[in-house]
Amino acid sequence: MSKTSKKSFVFNYEWQEVLKDYPAEVRLEVYDAIIEYAISGTLFELKPLAKMAFSFIKLQIDYNQKKYEEIVVKRSEAGKKGMQKRYQKEECDI
């Protein structure tokens, strides 16, 4: 995952549900890992229990990032097509 200009990310309720039975220090470690990974794409070394919990969450973050990037591309292409039609119309009116 690459660093983007995004200012937010999706935090799924299910993650909190899964993590609520873990010890507080493990939850904090996973929460920190989620935030760091979502912002920068950087993974740091986690303790085994936190690593196991984070591995499932990482898959969802990656999926959300891929979908976001696909939407950005589609919207960019649609915008280019719209502007192209607009400029072609203006050229015909001249």
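Phe-11 is found in the segment before H1, where helices are DSSP runs of H or I with at least four residues, numbered from the N terminus. This is a predicted model, in which local features need pLDDT of at least 70, side-chain atom pairs count only at pLDDT 80 or more, and totals for chains, interfaces and linings use all residues. Residues are numbered from 1 along each chain as its sequence is written, and side-chain values use heavy atoms, leaving out hydrogens and water.

**Before H1**
- Phe-11 is partly exposed because its relative accessibility is 36%; buried means under 20% relative accessible area, exposed over 50%, and partly exposed in between (1.4 Å probe, protein chains only).
- Asn-12 also lies in the segment before H1, and at 15% relative accessibility Asn-12 counts as buried.
- Leaving aside neighbours within four places in sequence, Asn-12 is in contact with Gln-60 and Asn-64 (contact means heavy atoms within 4.5 Å).

**The nonpolar core**
- The largest nonpolar core has 14 residues, and Leu-19, Val-30, Ile-34, Phe-54, Ile-57 and Ile-61 have the most contacts inside it.
- Such a core is a set of buried Ala, Val, Leu, Ile, Met, Phe, Trp, Tyr and Cys residues joined through side-chain atoms within 4.5 Å.

**Around Tyr-68**
- Tyr-68 lies in helix H3, which covers residues 48-93.
- With a relative accessible area of 33%, Tyr-68 is partly exposed.
- Tyr-68 and Phe-9 are 59 residues apart along the chain, and their C-alpha atoms are separated by 9.9 Å.

Terms used:
Helix = DSSP H or I, 4+ residues; strand = E, 2+ residues; numbered from the N terminus.
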